[in-house]
There are 2 protein chains.
Amino acid sequence: MGNQKIVKTKIKQTRSRSPEKKAKQFERILDAGKQLFQQKGREGFSLRGLAKMLNMNQNNVYNYVESKRELWVCIRKKFYEQYRNENKVVIKNHEGSTVDLLLDLFDHFFKFAEEDYGAFTMMHIIPSPPSDKIGPFEKQYKPFNFLDGTTRVIKEAINEGEIKENNAALLSFFMFSLILGATIVENTMRSFEENINYKGTEADEKIQFGTQPFTSKEFRKYVLRKIQLGLTDPNLIVDESDYK
Amino acid sequence: MGNQKIVKTKIKQTRSRSPEKKAKQFERILDAGKQLFQQKGREGFSLRGLAKMLNMNQNNVYNYVESKRELWVCIRKKFYEQYRNENKVVIKNHEGSTVDLLLDLFDHFFKFAEEDYGAFTMMHIIPSPPSDKIGPFEKQYKPFNFLDGTTRVIKEAINEGEIKENNAALLSFFMFSLILGATIVENTMRSFEENINYKGTEADEKIQFGTQPFTSKEFRKYVLRKIQLGLTDPNLIVDESDYK
């Protein structure tokens with residue numbers, strides 16, 4: 001039946017792929033890497049595990065990505081791109097004041113993390129795996145500097161007189177801290193709500209996040225409302241002399 | 001010279017240690033586990049690595065701790081105890097209003113994380129390693145529910161009329177989110193300040209945290225000042241109808 005020969009030909013094709021096929025295979029690798037991280041955390045995130053998952057030879061994986069760190073950087077980059085593109089839609093669709101836009105952007109931050117908490121942790125919580133060498137992807141990496149975007153919108157709101165404080169970058173860091181922390185808290189609450197009987201909640205100190213008289217959804221609404229009130233509140237202005 | 005015999009006796013003593021010696025050895029294990037986590041993250045945090053570090057037989061480690069998760073829970077417990085004890089001192093030494101006390105407690109949260117960021121991440125960021133079985137330490141674990149402490153102080157400030165909002169638990173979660181996020185941001189800023197040339201800052205998206213016209217210290221002061229202004233600000237009160 002000639003099966004043996006067909007298999008051999010296939011292997012040969014794999015070795016000399018077209019650029020399109022190589023790109024496609026690379027996408028498969030990124031997807032698998034993302035899944036691996038989501039299922040097993042950074043500990044399970046290894047090129048060996050990846051090769052096993054994709055039924056590839058580990059040496060062949062090295063044709064696509066040089067190190068665990070490189071793989072991480074590539075996957076993270078896709079998340080930042082997705083986040084930025086979604087933010088562009090938010091900006092395009094927004095109506096109302098610049099402070100309203102900020103609220104829409106913060107709301108999107110929560111939604112992005114709710115949609116894909118693994119992506120959120122790779123972007124904001126878990127440090128990239130270290131590596132001795134800087135690979136080709138990292139060499140040409142252009143940082144997204146996602147905080148600059150918020151700072152720009154805050155600056156706009158300051159110029160328009162909606163926000164009275166004058167240090168846009170500092171306020172941007174403050175806002176980021178708040179929604180970063182609130183996203184983590186909300187996620188802990190939600191994982192409790194979704195699986196109320198899961199093991200180890202006491203030693204994980206999670207019980208306190210699941211025994212409150214408010215839900216994770218209400219918590220998010222509360223946080224966004226606080227931000228809305230706070231951004232334009234003249235009582236909340238911090239003078240430079242208070243922190244310099 | 002009888003050396004051979006002495007060595008043998010020593011080994012025998014090791015195998016049937018007194019409770020005091022066992023407790024001391026257990027403390028050594030917890031210290032080593034903490035170091036291991038701080039040096040290598042949760043990935044390097046293994047009972048095998050621990051045995052190697054302490055020059056112990058891995059089977060002997062199992063006489064002290066049943067699993068990686070148990071070790072984690074024990075180490076974390078010490079951090080919570082330390083944090084609680086330090087807070088007791090803060091409460092004892094405090095002068096002024098209840099809102100002032102809250103600020104002292106939040107300031108201590110920052111300081112604790114600055115002192116030992118590894119401890120902070122084990123307590124608040126990195127999930128405990130999973131395990132199929134619940135070991136003896138976890139079985140008798142009493143949760144600290146550290147947020148309840150803040151909630152109680154907030155309730156006190158509400159009762160005394162210093163804080164006008166009425167949902168103490170919700171405000172406590174909000175405050176925790178803010179200082180949790182700010183601690184992470186501050187740490188990223190500080191690690192940049194301390195080692196300005198370290199590799200990989202671009203692909204780690206850390207550059208933005210190290211290129212601002214304010215320092216991590218100023219950022220902390222700003223956050224605490226915002227909290228101080230916000231806690232007693234009548235403009236910031238969120239009504240239940242806004243989030244229910």
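Visitor: What is the relative accessible area of B:K78?

Guide: B:K78 has a relative accessible area of 30%, so the residue counts as partly exposed. The scale runs from buried (under 20% relative accessible area) through partly exposed to exposed (over 50%), with a 1.4 Å probe and protein chains only. Before we go on: this is a predicted model, in which local features need pLDDT of at least 70, side-chain atom pairs count only at pLDDT 80 or more, and totals for chains, interfaces and linings use all residues. Residues are numbered from 1 along each chain as its sequence is written, chains are lettered from A and ligands numbered from 1 in the order in which they are written, and side-chain values use heavy atoms, leaving out hydrogens and water.

Visitor: Which residue does B:K78 meet in a salt bridge?

Guide: A salt bridge here is a side-chain nitrogen of Lys or Arg within 4 Å of a carboxyl oxygen of Asp or Glu. B:K78 pairs with B:E27 at 2.7 Å, N to O. B:K78 sits in helix α5 (residues 68-93) and B:E27 in helix α2 (residues 19-44) of chain B, so the bridge ties together parts that are 51 residues apart in sequence. Helices (H or I, at least four residues) and strands (E, at least two) are DSSP runs, numbered from the N terminus. B:E27 is partly exposed too, at 36%.

Visitor: How far apart are the closest N and O atoms of B:D116 and B:K34?

Guide: They are 3.2 Å apart, in another salt bridge. B:D116 lies in the loop between α6 (98-115) and α7 (117-124) of chain B and B:K34 in helix α2, so this pair links parts 82 residues apart in sequence. B:D116 is buried at 13% relative accessibility, while B:K34 is partly exposed at 24%.

Visitor: By what turn can chain A be laid on chain B?

Guide: Copies are superposed by least squares on the C-alpha atoms of residues with pLDDT of at least 70 in both. Here a turn of 180° with a shift of 0.0 Å along the axis gives an RMSD of 0.0 Å. That is how a two-fold axis relates its copies. The same surface serves both of them, with 100% of the contact residues of chain A recurring in chain B.

Visitor: How many residues of each chain are in contact?

Guide: Contact means heavy atoms within 4.5 Å, and 66 residues of chain A touch 66 residues of chain B. Buried area is the accessible area (1.4 Å probe) that two parts lose on being put together, summed over both. For these chains the buried area is about 6,200 Å², with carbon and sulfur atoms giving 61%.

Visitor: How many salt bridges are counted between chain A and chain B?

Guide: There are eight. One of them joins B:D242 and A:R225 at 3.1 Å, N to O. B:D242 is in helix α12 (residues 240-243) of chain B and A:R225 in helix α12 of chain A, so the pair joins two chains. B:D242 is partly exposed at 24%, as is A:R225 at 25%.
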